[in-house]
Amino acid sequence: MRTIRSRLIAIGGLLALAVWQLIPTDVTQRVRDATTGRMKDTTIRRVPINLGLDLQGGIHLALEVDQSKGPVPDCATAIQLAEKVVRTRIDEFGTSEPVVQIQGRCRLIVELAGEKDPARAKGIIQRTAFLEFRITDMKNLFRDALPEIDKALRRAGVRAPGQGAAAASVTQLFGADTGKAKGKTAKGKAAAKDTTELNAPDPLSSLLFQGQLPGEYLVPEEQVPVAESLLARPDVQRLIPRGIELRWGTEVLSRAGRSYRTLYAVEDRPIITGEYLQDAKALRDPLTNQSVVNFVLSRGGGRIFERETGRHVTDYMAIILDGRVQGQPPVIKSQIGQRGQIELGAKPLQDAQDLALVLKAGALPAPLTIIEERTIGPSLGRDSIRDGIRAGIVGVALVVLIMVTYYRLSGVLAVAALALYVVFTLAGLAGFGFTLTLPGLAGLVLSVGIAVDANVLIFERIREELQHGKLVRTAVDEGFLHAMSAIIDSNVSTALTAFILYLVGTGPVQGFAITLIIGIAASMITAIFVVRTFYMIWLDRRPDMATLSV
Amino acid sequence: MIRLFANAHYDFIKWRRWAYGLTAAIIIPGFALFLVRGLNYSIEFTGGTLIQVQTPEPVGTDRIRGALDAAGIRDAEIQQFGAPNEYVIRARIGRADAAVAGSTETTAAAVDSALARSLGPAPEHYKILRTEAVGPKVGRELQGKAFLAIFFSFIVTLVYLAVRFEWRFGLAAVLATFHDILTTIAFIRYLDLEVSLVVVGAVLTMVGYSLNDTIIIFDRVRENLRKFRRQNLYEILNLSINETLPRSVLTHGTTMATTVALVVLAGEVLRPFALVMTFAIFTGTFSSIYIAAPLLMYIEKRWPGEDARGARALRAAGSVPLNPPPAPGGGGSSEVRSKAAV
């Protein structure tokens with residue numbers, strides 16, 4: 001009895017774990033808003049099984065560096081640049097969770113689930129990268145304009161979102177700022193009080209927190225879509241001071257448990273653009289042990305840069321790639337000519353390497369050619385899922401019918417184990433984060449047919465043993481014992497071929513191999529361990545049983 | 001209680017020559033056809049463009065061909081695909097223009113505009129459900145990968161079998177699997193199925209499944225060799241096949257239930273995969289009985305095993321082995337012997 005109980009506990013534990021993996025959870029996705037065309041976070045509740053592109057529809061692109069206009073000697077670096085560039089544009093895709101990854105050495109894979117417009121997606125990916133350096137809003141022109149903007153917004157009936165806790169305008173979140181800033185803040189508040197709605201918080205500036213340097217603002221991550229939509233309004237655009245533009249940063253900072261996105265007010269005129277940049281290298285200064293990026297400009301670029309940096313010593317310079325500020329703008333310490341150095345202080349070398357990549361991406365835009373493109377419409381994916389599930393249900397029903405008619409009560413035990421098998425396999429897919437593809441769905445259906453093989457082997461063996469005149473209990477024991485080597489051998493050989501398929505295959509076929517491997521593992525557990533336990537319970541209840549329903 | 005083929009005593013091995021004839025009749029013409037015409041590779045392997053379109057009403061392949069001809073797109077294959085109002089247009093890259101990179105993409109766009117001109121604007125008059133454009137380089141890589149996959153699966157299973165069984169068993173099982181690959185290629189050629197990576201996946205799964213079946217029989221042979229020391233290999237093979245027959249029928253029945261459900265219901269994309277898997281059940285069963293088992297016999301005859309179970313395998317029944325083998329594991333020998341005498 002004790003062994004039965006511990007076996008039941010083990011099965012119950014496994015089942016609970018499996019069901020827990022399959023409970024629908026809230027997933028946050030960034031989706032393009034149909035009306036405004038902006039990205040926004042939405043939360044949906046779904047079973048956490050990843051569907052492949054062939055099931056949910058979308059675009060799969062494989063890109064390589066274009067070598068048609070002459071060979072590119074270092075394609076690995078070129079593709080890293082391209083990856084960096086595509087990543088900065090990630091929000092432009094109308095999809096949640098785009099996949100951008102380097103495959104092998106010189107190939108970039110971009111997968112956009114749910115994206116419907118391949119021409120647009122390809123345009124975004126293949127667009128040449130644009131790098132520019134701009135001075136940040138050193139005179140705080142944007143901040144001074146905030147009260148006016150808030151007033152205009154209030155007039156238009158826009159209310160500040162969320163709680164009134166951050167009711168003050170541009171709030172000091174951390175770090176030192178000049179006293180001037182506080183003065184302005186107070187003035188801003190006073191201006192706000194002049195208006196009719198005395199207690200109404202400022203719609204825009206309550207979202208912005210002053211950053212560490214002039215022109216830098218932090219926006220709480222969850223408020224980013226609100227801030228974006230406010231800043232896009234024409235009445236706000238009109239009030240942004242002449243000569244100033246706003247650019248979002250790529251960095252997400254976390255302060256006191258909240259995460260913030262950076263927003264920069266920068267001059268509308270770049271002091272230099274990427275076309276003058278020739279090279280950039282990240283290294284660690286051996287003397288100071290600090291990460292630095294060295295860059296080299298062309299001769300003409302050096303002259304321009306020398307003039308501009310001379311005028312802007314002690315100003316901050318934002319490095320902008322494709323309209324996104326990369327990292328924190330460094331300060332210009334002195335006049336810079338053809339060769340410059342950006343110091344990143346104690347930041348890891350990885351950050352410096354990333355920045356060097358950004359500079360190079362602007363300098364040497366690597367044109368990409370598409371070597372493989374697959375577009376699957378969402379309706380086709382839905383049809384595939386429907387057909388696959390239909391085939392699965394019919395197939396499983398037939399298997400159940402065969403097992404129960406042929407093996408009667410023992411067949412019922414096997415079918416009960418089969419139900420557990422399906423739950424375990426799906427939980428395995430969800431738990432390990434594997435992707436269910438269309439061939440994977442076929443593999444799942446197929447493996448149901450194969451999964452009962454272990455039980456068939458065992459039951460046939462029990463029948464043989466019973467025929468030899470063994471007692472029921474002995475026959476069951478011997479049946480399991482003797483069938484074991486055949487079960488293990490055959491499952492291992494199938495798993496080995498599936499594993500090779502996984503190593504060699506691409507996306508959809510890998511999905512097939514994975515479901516097959518997980519299916520084999522799950523069927524070993526259910527067919528041997530679970531069915532054995534069922535038998536133990538059964539024989540325990542009826543110790544005097546003379547014939548077995550098998 | 002339903003019992004199928006219980007206590008059967010068919011002399012399977014006797015019919016082996018007929019079986020060789022049958023399998024040769026399948027493989028040889030199929031292979032001749034394969035050598036002459038090749039296989040119908042999907043664009044994943046050849047490189048090219050595939051476009052699946054859906055029209056509100058069935059328009060017929062001629063109408064679509066007319067639209068493409070008018071736009072100067074020749075050599076495109078047009079095929080009704082699944083539903084009567086769905087069509088697949090395939091344009092493979094010929095050897096000649098393989099060097100032109102990026103041409104596959106422009107083909108897709110050209111087909112789109114040709115359809116728009118002939119059928120009317122996109123969302124109302126036709127809908128593109130799926131586009132695949134594969135460059136020649138990717139296709140060549142995939143060919144290499146598919147070949148590697150089949151090659152390595154052979155090596156790995158051979159090694160596994162060598163560890164778990166004796167090499168004679170392993171060799172027989174691998175040759176039987178090789179036979180299965182040949183018949184499957186012939187089958188694919190007869191039905192002119194499109195060979196995609198998923199179909200290669202089906203062939204590999206078939207390798208595993210067929211091997212699985214052979215292993216079940218060989219496992220029983222191994223066991224019976226220990227049990228019945230007086231019988232020759234011919235008898236033992238027949239006995240083992242007969243003993244495992246109910247299992248084979250049942251397992252193949254359940255697997256077939258799922259593959260046939262996939263063939264009928266799972267849609268056009270998975271159909272070649274499901275057909276190959278269904279065929280795999282037949283060829284796997286056949287080869288386990290008629291290829292693997294007789295081969296094991298020949299191998300034993302050619303290279304008799306040194307150990308007890310091999311040494312007396314084909315000698316006259318009843319001869320006493322020089323070195324008495326270790327005691328047989330499990331199973332009372334008296335009742336077993338009575339059964340074996342049948």
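## A walk through a two-chain model

Let us begin with an open sheet of eight strands, in the order β5(A)-β6(A)-β4(A)-β19(A)-β5(B)-β2(B)-β4(B)-β3(B), with antiparallel pairing. Its edge strands are β5 (99-103) of chain A and β3 (77-80) of chain B, and each of these pairs on one side only. Direction ignored, neighbouring strands of this sheet are turned by 20 degrees against each other on average. Two terms need explaining here. Helices (H or I, at least four residues) and strands (E, at least two) are DSSP runs, numbered from the N terminus. Two strands pair if DSSP finds at least two bridges between them.

Before going on, please keep in mind that this is a predicted model, in which local features need pLDDT of at least 70 and side-chain atom pairs count only at pLDDT 80 or more, while totals for chains, interfaces and linings use all residues. Residues are numbered from 1 along each chain as its sequence is written, and chains are lettered from A and ligands numbered from 1 in the order in which they are written.

Where do β19(A) and strand β5 of chain B join? Five bridges link β19(A) to β5(B) (residues 127-134), and the two strands run antiparallel. Here A:Ile376 stands opposite B:Arg130 in β5(B). Further along in chain B, four bridges join β3(B) to strand β4 (residues 86-92), again running antiparallel. In this pair, B:Glu77 is opposite B:Arg90 of β4(B). Helix α3 (residues 61-70) of chain B packs on the sheet and touches β3 and β4 of chain B; its direction makes about 155 degrees with that of β3(B). Such angles run from 0 to 180 degrees between N-to-C directions, and axes are lines fitted to C-alpha atoms, for helices over the stretch in contact.

Now look at the contact between the chains. It takes 60 residues from chain A and 57 residues from chain B; two residues are in contact if their C-beta atoms, placed from the backbone, lie within 7 Å. On the side of chain A that touches chain B, the elements giving two or more residues are β19 (368-376), α11 (378-431), α12 (438-467), α13 (472-504) and α14 (507-541) of chain A. The most come from α11(A), with 15 residues. By class, this side of chain A has 33 nonpolar, 18 polar and nine charged residues. Ala, Val, Leu, Ile, Met, Phe, Trp, Tyr, Cys and Pro count as nonpolar, Asp, Glu, Lys and Arg as charged, and the others, Gly among them, as polar.

Some of these helices also pack on one another within chain A. The axes of α11(A) and α12(A) are 8 Å apart, at an angle of about 5 degrees. That angle makes α11(A) roughly parallel to α12(A). Angles under 35 degrees count as roughly parallel, over 145 as roughly antiparallel, 65 to 115 as roughly perpendicular and the rest as oblique. How does α12(A) meet α13(A)? They pack at an angle of about 135 degrees, with their axes 8 Å apart, so α12(A) is oblique to α13(A). The crossing of these two is right-handed; a crossing is left-handed if the near helix is turned anticlockwise from the far one by less than a right angle, and right-handed if clockwise. Residues in this contact include A:Leu457 and A:Ile458 of α12(A), and A:Phe480 and A:Ala483 of α13(A).

Helix α6 (residues 136-164) and helix α7 (residues 167-191) of chain B have axes that come within 8 Å and cross at roughly 150 degrees. That makes α6(B) roughly antiparallel to α7(B). Their crossing is right-handed. Among the residues that make the contact are B:Phe154 and B:Leu158 of α6(B) and B:Trp167 and B:Phe169 of α7(B). The contact has eight nonpolar, two polar and no charged residues.

Finally, step back to the domains of chain A. They are domain 1 (2-24 + 377-541), domain 2 (58-128 + 368-375), domain 3 (135-267) and domain 4 (272-363), with bounds that come from an automatic or database domain assignment. The C-alpha centres of domain 2 and domain 4 of chain A lie 26 Å apart. Six residues of domain 2 of chain A are in contact with seven residues of domain 4 of chain A.
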